[in-house]
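This briefing is intended for reading alongside the sequence and the three-dimensional structure shown below. The points are grouped by topic.

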Amino acid sequence: MGHKDETQTNSLDVANMLRRNGTYYFRKRIPKDVIDLAPFGKDRNGKPKADHKFSLKTKDPQVAKRLAANEIQKFEERIAEARGNPPLSNTLRPPSKPTLPIKRREKPPGLQPLGNFDHKSYIDRLFIELEERAVQNGSRGPFSLSSQDREELLRTYETDLRITEGLASEYEPPDWKARCYWAIIDQGYDPDSNPSSFQAVCKLFKEAHIESLWRTVQALKGDDCAERNSRFAGTSFDSGKSLTPHGTGHTLKELCETFVEHRKAKKVAAKTLQSYKSRIQFLLEFFGPHTHLSEINLEKAESFVDAIGQIPLQCSTRYRGKTFTQAIKIEEKKNHPKTLAPKTQRDWLSAISAIFRHAEDRDWLTKNPFSSRLVRERVSQEEGAKREMFTIEELNRFFRLPAYLKQKDVKPYSAKYWGPLLGLYHGFRINEFCQLLLEDIKIEDGIDFISIRTRDDAGEVVKTLKNNSSVRRVPIHPQLIKLGFLDHVSSLRKSGKSFLFPELKATKTGSKGGAVGSWFGRHRLKALDTPPARKGDKSFHTLRHSFRQACWDNQISNEYCRALGGWSDQNKSSDSNYGSGYKIKTLQEQIEKISYPELDLSHLISNGTTK
């Protein structure tokens with residue numbers, strides 16, 4: 001799991017140190033030949049301790065390093081003393097067994113016969129609990145550890161695995177028979193009632209612990225999907241539906257499913273729903289689908305946001321077929337890893353916060369952990385370079401391209417002809433104009449305007465928009481009227497058509513803009529001075545950016561700009577809910593200010609040369 005930034009250092013070069021949730025621990029195995037002498041006391045069951053482990057009570061790596069060095073020396077001195085080195089007199093030679101009696105448990109009465117014990121289900125639950133424990137204590141990915149911390153953790157778990165398998169001659173192996181014996185009793189069954197069944201359970205009990213520990217070692221090596229024992233193939237904490245979670249209430253999987261259904265009912269755009277898919281996938285992968293919402297606190301939310309910053313750029317295409325965790329592991333090994341940009345990380349965080357806000361709205365949570373300022377601050381606020389804009393020269397060249405002029409010969413003119421003009425002079429998103437109905441072209445007080453909305457005149461929801469702010473009325477720019485836009489509308493109405501661009505067909509996701517965007521993307525390259533520096537620069541959406549820039553250049557206020565372009569107001573005040581918005585005459589006065597000096601479209605006007 002992730003840790004806070006101040007604990008992520010490369011300063012550790014002392015063995016026998018572990019870190020859990022940022023705090024450093026000292027741990028050292030006690031040699032086999034002195035365990036029975038109990039040099040560090042006994043455990044809660046009265047047995048001599050097999051290892052010496054305790055918290056150093058610090059998150060400072062330098063302080064932990066110094067304390068650990070001192071503890072190693074104390075440890076060796078105590079071991080030497082227990083062994084009698086320097087040699088003691090014969091009368092004072094250490095006993096070969098503990099001098100204090102060990103308090104042993106007694107088998108309670110009323111246990112059921114072992115023949116009634118469903119040992120297969122028990123072993124499955126046991127293994128899932130071991131896997132859950134490995135996830136919760138930070139020994140599974142995604143890791144935020146430095147390479148040295150991770151190597152130290154790997155060495156520790158490799159030693160544990162050797163001891164667990166009985167391959168470390170210098171250490172005492174676990175007493176599997178005794179551990180399994182009391183574990184079965186804790187389940188309410190008598191292991192002595194059926195010795196042969198007990199031996200079978202004991203064998204699986206040991207295998208479960210070894211397999212889980214082996215998977216942890218492989219995960220630290222970078223293979224999170226490793227499986228060795230076929231008995232536990234396909235079984236993990238994430239898939240363990242039989243596990244009783246520690247939390248209460250609704251699970252993360254239930255929240256995500258409910259959220260998606262809620263957004264579908266709200267007729268959210270298919271593209272927006274698709275964007276939630278990867279966010280939800282990583283959310284479930286990171287926490288586990290059966291994690292209860294009450295278990296996801298502020299600290300875990302911070303860890304998740306840290307992990308977002310490690311996601312590789314274009315992860316779904318570059319690492320097709322891999323989980324996010326696997327992709328992160330591969331990417332971090334590269335000399336120059338490419339991860340999500342700060343703006344994209346903030347988009348991810350906004351989506352995740354929206355999911356948990358839905359839980360708040362349903363009273364499944366009292367507090368959204370991802371809305372905390374402490375969580376938001378973990379995402380870098382550094383902005384990337386500004387998006388490249390079209391120059392006037394490039395726009396002039398584009399509107400003279402043979403591929404564009406060819407669209408003028410199509411009767412009625414196609415979306416490929418009008419689309420770039422609607423984007424440039426109205427700031428329309430590509431799917432906003434591609435979905436337009438002819439009945440969306442209206443007139444009020446003698447002013448022709450376009451109604452961007454989700455419903456038709458009958459009140460039926462027939463379109464999708466990005467958000468509520470997208471709903472608006474936009475007066476038709478005088479330049480489009482000169483180019484014959486209203487004539488285009490009139491001719492379609494006479495032909496009995498319903499859509500403004502009837503040639504466009506919706507895809508499986510409901511989008512109609514794909515063909516127009518792809519066409520524009522191919523042909524705009526012929527008009528550019530230089531190729532775009534980044535993906536997304538100088539695409540169709542850049543025309544919307546040009547519209548916003550034209551608003552600023554012509555001193556159109558932000559309020560009018562949002563009303564015309566459909567941008568949301570992040571600082572929306574309560575008085576914005578009053579009234580019905582700007583009058584169409586007022587909006588016309590503002591859109592008439594939009595101009596692009598030196599842009600020459602005279603060749604597109606059939607009966608004039610006006611710019």
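The notes below begin with the whole chain and then turn to individual elements and residues.

The model is a predicted one. The protein contains 22 helices and 8 strands. Of its 611 residues, 45% are buried.

**Overall composition**

- The protein exposes about 32600 Å², and 49% of this area is supplied by carbon and sulfur atoms.
- Among contacts in the protein with a separation of 6 or more, 72% involve residues 24 or more positions apart.

- An open sheet is formed by 3 strands in the order 1-2-3, with antiparallel pairing.
- Strand 1 (17-20) and strand 3 (51-55) are at the edges of this sheet; each has a single partner strand, so one side of each has no neighbour in the sheet.
- From one strand to the next, the twist averages 25°.
- Strand 2 (residues 23-29) and strand 3 run antiparallel and are joined by 5 bridges. Within this pairing, Tyr25 has Ser55 in strand 3 as its bridge partner.
- Helix 1 (residues 61-83) packs on the sheet and touches strand 1, strand 2 and strand 3. The direction of helix 1 makes about 20° with that of strand 2.
- Helix 3 (residues 147-164) lies across strand 1 and strand 2, and runs at about 105° to strand 1.

- Strand 7 (residues 447-452) is mostly covered, with 5 of its 6 residues buried.
- Strand 6 (residues 441-444) pairs with strand 7 in the antiparallel sense over 4 bridges. These two strands form a hairpin with 2 residues between them, and Asp445 in the turn has a positive phi of about 55°.
- Strand 7 also pairs with strand 8 (residues 472-475), in the antiparallel sense and over 4 bridges.
- Phe449 in strand 7 is the bridge partner of Lys442, and Phe449 also stands opposite Pro475 in strand 8.

**Helix 5 and the residue that follows**

- Helix 5 (residues 195-221) has 27 residues and reaches 39 Å from its first C-alpha to its last, which is close to the 39 Å expected at 1.5 Å a residue.

- Trp519 is placed in helix 19 (residues 514-523).
- Trp519 counts as buried because its relative accessibility is 4%, below the 20% cut-off.
- When residues up to four places away in sequence are not counted, Trp519 touches Phe398, Ala403, Tyr404, Gln407 and Lys416.
- Phe540 is 21 residues from Trp519 along the chain, and their C-alpha atoms are separated by 9.7 Å.

**Positive phi at residues other than glycine**

- Asp363 has a positive phi of about 60° although it is not a glycine. Asp363 is found in the loop between helix 11 (342-361) and helix 12 (373-376).
- Asp363 counts as exposed because its relative accessibility is 69%, over the 50% cut-off.
- Glu598 likewise is not a glycine, yet has a positive phi of about 75°. Glu598 is found in the segment after helix 22 (584-591).
- With a relative accessible area of 62%, Glu598 is exposed.

Technical notes:
Residues are numbered from 1 along each chain as its sequence is written. This is a predicted model: local features need pLDDT of at least 70, side-chain atom pairs count only at pLDDT 80 or more; totals for chains, interfaces and linings use all residues. Side-chain values use heavy atoms; hydrogens and water are left out. Buried means under 20% relative accessible area, exposed over 50%, partly exposed in between (1.4 Å probe, protein chains only). The expected span of a helix is 1.5 Å times one less than its number of residues. Contact means heavy atoms within 4.5 Å. Two strands pair if DSSP finds at least two bridges between them. Accessible areas come from the Shrake-Rupley method with a 1.4 Å probe; for residues, only the protein chains shown count as cover. Axes are lines fitted to C-alpha atoms, for helices over the stretch in contact, and angles run from 0 to 180 degrees between N-to-C directions.
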